[in-house]
Amino acid sequence: METCLALGRFAKVTIRFRWCLLAFWFLAAVVSALGATKFISVTTLSFDAPRDTQAYAAQERVKAAFPEISQVADFLGLLEVAPPQQVLKLPGLRNFSFALRDALNATGKLTSFTSNATLWFGDHISAGPGIVADGGRATIVQWGIGLRPTDKAAMDFGKEAQRTFQDQVDRWLPELSFYGLTSVPNLVSVSIDDAESSLAKMDMIALPIAFVVLWIVIRSGRLLLLTMACMGVALSVSFGTMYCVGRVSEVQMTTPSLMMSLLIAMSIDYSLFMLTRFREELALLGDGLELAPAVNSALEKTMISAGCTITLSGVTLALSFLVLVFFPEAMFSSMGLGCTVSLCVALIVHLTLLPALLAAFPGFFGRCVATNRCGRRVFGRCRPRPAGEGRASAGLRHADGAGNRISNGSGSGALLPPESDPPVPKLRRQPFWEWLARTTTTFPCNLVIALVVAAGSCALGVAILHAKTTDAFMMDLPRGTHTYDAFQHVVSMFGIGLINPYRLLLEPAGAKGPGSVLTQEFWTKSQQALEALAGRLPNTSPEDFQFMSYAAGQSVPWALANACLQGTAPPSFAAECRKVLYAVDKFSNPDRSAAYALITLKFDPCGIDGPDWLSKARSVLEELSHSTGLEFALTGLGADSLDMIAESYRIFPFMIGTTLLVAMLLMGIAFRSLLMPLRCVGSIVLTLFWVYGLATLTYQDGMLDWTGIAGVSSEFHAQNAFLPVICFSLVVGICLDYDIFLMTRTTEFRALGMSPEEAVRRGVCSTGGIITAAGVIMAIAFGGLMFASIVMVNGLSFYMVFAVLYDTFIARCLFTPAIMSLLGRWNWFPSPLSKREWCRPLPG
């Protein structure tokens, strides 16, 4: 291919300007490191609803009517005593409440604060059932700030509030048996910290093991230094680049972790492909050559072969991740951009820095791996080879540079003397891989293998048809932390709705003037609407609604409300009037033109029952809008998340088709074949069937519950909704990486004049061990996350580990050779390699 030949010419330029390249990458790494260390500080985490969704439209309407609550982060402090104590009778509760309010108010971010003490001693309102539970053993302290729950500023406030809350509890309420602060900002912050800690631990454990496996394959400690150098430069430059991106646009907090895992995996893979080929090419040289020229010659050949392989792989993977950039959700688009930048940087580093280092220090890197024809690790001197000993397999035909057909075997066509034979790769004897290659390419074993693998994968993939997904809040929380325990206590006593509530905007239809929500018509119609919602929505009770005309499942009569508003209520109703006026101030805007109701469900709005509830609620609200004449808008983190998921799955088929189409086009152009891209995509689809079906059986049907491992538990009876979308590009990228490596090697042998079956066998023998090693390294890199404390991280690890293992040991070692042997020369149709008789040397 012209691209491969161009890489050979590029290698010469790289060797010539090696010192300039080394200086450039050194400066780039140092300068980028200044921003790379600050990359995480410019990231954010948002679950904003995509445009053109009902959640986004509702957000905009709430923002116009209630600017102060359009962006609000709610905090819940739980105070609990052991029985038979009563938490409201603690002597320090009043001082605690006011001291906490004053300390939080000093930050300038507090927009609301509610506790039993402030309600009673400040507003003279008795505590209701909404903030006292478990027979008086527990109460909550609520406050809010005017920031989005997932903003970094809100998370920083949450960490400071956690310390303030703990200090005040220790000072005023030592009698408590349990206390804790929970909120979306705190939960997200703890989850991110735990995920980063898990990744750091994984890297500390997995990297040494990965480097040991890499050393076993390349058999050189010095060459490991090349891998480390390339990996370090790629990490620094990639993170530095994304730091600049984060300064001008939104980058999600999940992006650095994914970039780190991808960079480590691809750096090891690319180094493995380049260095093993460099060893092979260097082993074919050495008779009468000095070390430096031999290294340079081996580099040129390595760039033509392995360089072309990683270029095709890197470009294909980058385009696969680039599809994510066009997703409307910032979480996917920033992850796609980060992964694309990482792949491009890793590819460029391995095509420039790695050859430059080898060329600049041939004595250090070259001598430790160089092997001459005698098998000695020396250059320039060698005992003569025994007569008749050749370096190519018997009967292997190839051509010289002028196109003359030659043979170094005993067959006909030996037109040139043996000493003129161009070097042909001689594989080290690998009995296992030779047996496996022969078995998988011999009829009828190849047909049986292909059918069994395809049938088994498709049978497992049937489980996808009944797959369920969820974005349950608990999936993102780290098990075993104090924040997790506080969350569990609050949920068990007060329901998860307090942490993740819905807000329902209610407005009169038509003209919305000041005081329009304080009319008898609006008051009674709003009550009718809320009663209808409580009666018609699943798993919903009247106690789930809080509103100025409807609280604790009871309607507030208009006559009482009007009297309280007009100041004409009898003194005996003073307590009730204080509650009414407090509710009017809380649930209506300053000019009383709009109002909102708080809906605190007993189940997780983002959980398995959330989508059905939201769909039904919107349908009922549309009907009520016609019957009552009111206008409604339902908003909340649950609506934002569920609409984001729905929009993602609406685009997902387009993403699948585009990614596979791009892969097919690039494979077709690179190998000049029609069937090879189809075969490649077919094997990728089987891998996807396998891992998606296995994930469904594991996380939904409990297939691995018997292991007792929390990371493969079916606790939620569904898998995380974002994982199938996120993991698709990763799985496709890894499959393409290994497939391209095998295909380029097989095509290389076919171009030497081998039969299709022999080319496939030689390709499996020469790449099987390398692909297996790369797969094992990748599985190790992601396998540690299986034991992390966050369910979503466990799921990511599950997808990657089982996809890599299946693709490495089944798809590439069994299915692909079997199918290629069945297709024969038609693998390369319509290129010249598909002709029955083919004889042409490799370029260079």
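The model is predicted. It holds 1 disulfide and 20 salt bridges.

**The disulfide**

- A disulfide is a covalent bond between the sulfur atoms of two cysteines.
- Here the partners are C564 and C577, with sulfur atoms 2.1 Å apart.
- C564 sits in helix α18 (residues 558-566) and C577 in helix α19 (residues 574-587), so the bond ties together parts that are 13 residues apart in sequence.
- The link of C564 and C577 is left-handed, with -75 degrees about the S-S bond.
- C564 is buried, because its relative accessibility is 6% and buried means under 20%.
- C577 is buried too, at 9% relative accessibility.

- C458 is partly exposed, with 34% relative accessibility.
- C813 is buried, with a relative accessible area of 5%.

**Salt bridges**

- Side chains of opposite charge can pair when their charged atoms come close.
- K63 and E60 are 3 residues apart in helix α3 (residues 54-65), so about one helical turn separates them.
- K63 is partly exposed at 38% relative accessibility, and E60 is partly exposed at 32%.
- R61 pairs with E631, and their closest N and O atoms are 3.7 Å apart.
- R61 lies in helix α3 and E631 in strand β14 (residues 630-636), so this pair ties together parts that are 570 residues apart in sequence.
- R61 is partly exposed, with a relative accessible area of 29%, and E631 is partly exposed at 26%.
- R277 and E280 meet in a salt bridge at 4.0 Å, N to O.
- Both R277 and E280 belong to helix α10 (residues 255-283), 3 residues apart, or about one turn.
- R277 is buried at 8% relative accessibility, whereas E280 is partly exposed at 22%.
- R277 and E280 also belong to a network of salt bridges that links them with E281, R745 and E748.

**Helices**

- Helix α21 (residues 637-671) has 35 residues.
- From first to last C-alpha, α21 reaches 48 Å, close to the 51 Å expected at 1.5 Å a residue.
- α21 bends by about 35 degrees at I651.
- A proline, P653, follows that bend within four residues.
- R672 comes after α21 and has a positive phi, near 50 degrees.
- Helix α5 (residues 93-105) has 13 residues, so it should span 18 Å at 1.5 Å a residue; its end C-alpha atoms are 18 Å apart, which agrees.
- The buried residues of α5 are L93, F96, S97, F98, L100 and L104.
- Y806 lies in helix α25 (residues 791-823) and is buried at 5% relative accessibility.
- The C-alpha atoms of Y806 and V691 are separated by 8.2 Å, although the two residues are 115 residues apart along the chain.

- Most residues other than glycine have a negative phi, and most peptide bonds are trans.
- The peptide bond from P83 to P84 is cis, with omega near 5 degrees.
- P84 is in the loop between β1 (73-80) and α5.
- Another cis peptide bond joins F443 and P444, with omega about 5 degrees.
- P444 is in the loop between α14 (431-440) and α15 (445-461).
- R592 has a positive phi, near 60 degrees.
- The loop between α19 and β13 (595-599) holds R592, and this residue is buried, with a relative accessible area of 19%.
- H717 also has a positive phi, near 55 degrees.
- H717 is in the loop between α22 (675-699) and β15 (719-720).

- M228 is found in helix α9 (residues 221-248).
- M228 is partly exposed, with 41% relative accessibility.

Methods:
Residues numbered from 1 in each chain as written. Predicted model: local features only at pLDDT ≥ 70, side-chain atom pairs only at ≥ 80, totals over all residues. Heavy atoms only, no water. Helix = DSSP H or I, 4+ residues; strand = E, 2+ residues; numbered from the N terminus. Buried < 20%, exposed > 50% of the residue type's maximum accessible area, 1.4 Å probe, protein only. Disulfide = S-S within 2.5 Å. Expected span 1.5 Å × (residues − 1). Bend = angle between axes of the 7 residues up to and from the residue. Salt bridge = Lys/Arg side-chain N within 4 Å of Asp/Glu carboxyl O.
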